[in-house]
Amino acid sequence: MLDCAIIGGGPAGLTAGLYTTRGGLSKVTMFEKGMPGGQITQSSEIENYPGVTGEISGMDLMMPWPKQCQQFGLKHEMIEVTQVSRNSAGNFTVSLGDGTTQEALSVIVCTGSTPRRAGFLGEDEFFGRGVSTCATCDGFFYKGKEVVVIGGGDTALEEALHLAKICSKVYLVHRRDEFRAAPNTVKRIEATQNIELVLNASPKEVYGDKMGVTGITVTMTDGSSRNIEVPGVFIFVGNDVNNGVLKQDDGAFLCEMSDYGEVMVTLSMATSVPGLYAAGDMRIEAPKQVVCAAGDGAVAALQVIAYVDAKLHSQQ
Ligand code: FAD
Ligand code: NAP
């Protein structure tokens with residue numbers, strides 16, 4: 001029986017691993033389906049992790065994290081978790097991709113979320129070289145420059161407002177002439193001088209050179225096309241929360257979820273199920289930043305230590 005099973009080895013999972021093991025739990029396993037480090041390892045540059053200065057890639061930032069955890073006894077299994085369920089004793093069963101299971105007194109789920117891609121030409125080729133899905137992460141790189149934002153939902157419009165404070169101009173490209181975003185947000189967009197609406201326009205191809213993006217071609221609904229010369233293209237066309245492990249055999253989720261598939265948590269990262277915690281990008285209102293995911297992991301771990309302690313004492 002594990003004291004704690006950690007699902008996912010990004011910044012949240014690794015920090016949870018550090019704090020649970022260093023805090024005295026001896027049987028903690030982190031299940032990560034790929035290499036530890038999480039989605040930040042795709043980033044060629046991160047400059048907003050406190051205390052880390054100079055040019056550093058996401059891969060370099062995350063490199064020492066697993067070793068630090070292992071020093072304190074965190075076990076790492078490189079395997080996909082297929083399901084987390086609760087058994088009759090009030091503990092958890094973690095089902096693994098190879099068909100085996102592990103029992104745990106507590107679980108911290110840290111499987112993150114995945115921004116959707118829009119599916120236009122050059123999107124993947126230029127991802128991280130001018131194409132981005134994170135304004136908080138990359139907006140500053142375009143300070144005083146023009147950028148394109150794609151999407152018509154709340155996220156696209158809120159991020160366009162954020163970018164308009166940093167960039168000289170934001171072209172908001174949306175495939176229809178009506179937005180999904182809240183009417184108040186639409187009003188704020190319309191009142192922002194340096195946002196130009198490019199409506200009835202779908203992204204066709206982003207182009208550039210070896211330095212990165214230099215522009216994007218959009219196709220209008222009347223069949224015409226327009227080139228917008230910008231060094232940065234931000235895509236906000238929806239987000240998939242990696243919540244599959246919480247789905248039960250009957251299709252319901254193990255714990256309470258928001259309408260958007262995020263895990264509902266308290267400020268202690270506790271879910272609606274005792275002993276089950278969620279941390280990082282998959283929880284409600286996640287700022288989707290490495291420092292925040294790491295903070296969540298630490299908070300959840302401190303709660304788990306107290307939970308496991310109480311559980312073991314009650315069994316004596
Ligand atoms: P993730 O990092 O997504 O980690 C989740 C982990 O869970 C993954 O390793 C995944 O393989 C694993 N996993 C998922 N499902 C399973 C399963 N079923 N079984 C086992 N393992 C599973 N943030 C910043 O602060 N600054 C930046 O500059 C910045 N730039 C970014 C640039 C890019 C290109 C991207 C993609 C993100 C960027 N971010 C940045 C955001 C940051 O990466 C995330 O906020 C952070 O990684 C979230 O951490 P997490 O641990 O919650 O989830
Ligand atoms: P969303 O509401 O699903 O909006 C996605 C937008 O992207 C839509 O406008 C869609 O166009 C467009 N789109 C989708 N695929 C595209 C493609 N391939 N090419 C071009 N455009 C494409 O996603 P979201 O904005 O991330 O919001 C998700 C949920 O979170 C929503 O329910 C939202 O209300 C909520 N949210 C709320 C707040 C808030 O309350 N402050 C903030 C952020 C998010 P169409 O409109 O034509 O489909």
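Which residue in β11 does Leu-172 stand opposite? Leu-197 is the one across from Leu-172. Before going on, note that this is a predicted model, so every value I quote is computed from that model.

β10 and β11 are joined by 4 bridges and run in the parallel sense. They belong to an open sheet of 5 strands, ordered β8-β15-β9-β10-β11, with parallel pairing. The edges are formed by β8, residues 131-132, and β11, residues 195-198, and each of these pairs on one side only.

Now look at β9, residues 146-150. On one side, 5 bridges link β9 to β10, residues 169-173, and the two strands run parallel. Within that pairing, Glu-146 is opposite Lys-169 of β10. β9 also pairs with β15, residues 232-235, again parallel, through 4 bridges. There, Val-147 faces Gly-232 of β15. How do you get from β9 to β10? Helix α5, residues 154-166, goes with these two strands, and together the three make a right-handed β-α-β unit.

Is β9 largely enclosed or largely open? It is largely enclosed by the rest of the structure, because 4 of its 5 residues are buried. Buried here means a relative accessible area under 20%.

Next, the ligand. How many residues surround ligand 1? There are 30, and the closest are Glu-32, Asn-48, Cys-137, Asp-281 and Val-290. That shell splits into 13 nonpolar, 12 polar and 5 charged residues. Three elements, α1 (11-22), β2 (28-32) and α7 (290-315), each give at least two residues to the shell.

Glu-32 has a polar side-chain atom 2.7 Å from an oxygen atom of ligand 1. For Ile-40, a polar backbone atom is 3.4 Å from an oxygen atom of the ligand. At Val-81, a backbone N or O atom lies 3.0 Å from a nitrogen atom of ligand 1. Taken alone, the ligand exposes 1,000 Å², and the protein buries 92% of that.

Most residues other than glycine have a negative phi. Glu-285 is not a glycine, yet its phi is positive, at about 55°. Lys-288 is not a glycine either, and it too has a positive phi of about 55°. Where are they? Glu-285 sits in the loop between β17, residues 276-278, and α7. Lys-288 is also found in the loop between β17 and α7. Their surroundings can be compared by accessibility. Glu-285 is exposed, at 69% relative accessible area, while Lys-288 is partly exposed, at 31%.

Last item: Asn-243, which is in the loop between β16, residues 239-241, and β17. Is Asn-243 buried or exposed? Its relative accessibility is 12%, so it counts as buried. A polar atom of its side chain is 2.9 Å from the backbone oxygen of Gly-261.

That is the end of my part.

Notes: Residues numbered from 1 in each chain as written. Chains lettered and ligands numbered in written order. Predicted model: local features only at pLDDT ≥ 70, side-chain atom pairs only at ≥ 80, totals over all residues. Heavy atoms only, no water. Buried < 20%, exposed > 50% of the residue type's maximum accessible area, 1.4 Å probe, protein only. Pairing = 2+ DSSP bridges. Right-handed = clockwise from strand over helix to strand, strands pointing away. Near = heavy atom within 4 Å. Polar contact = N/O pair within 3.5 Å; in protein donor to acceptor, adjacent residues only side chain to side chain. Areas by Shrake-Rupley, 256 points an atom, 1.4 Å probe, with all protein chains shown as cover. Nonpolar A, V, L, I, M, F, W, Y, C, P; charged D, E, K, R; others polar.
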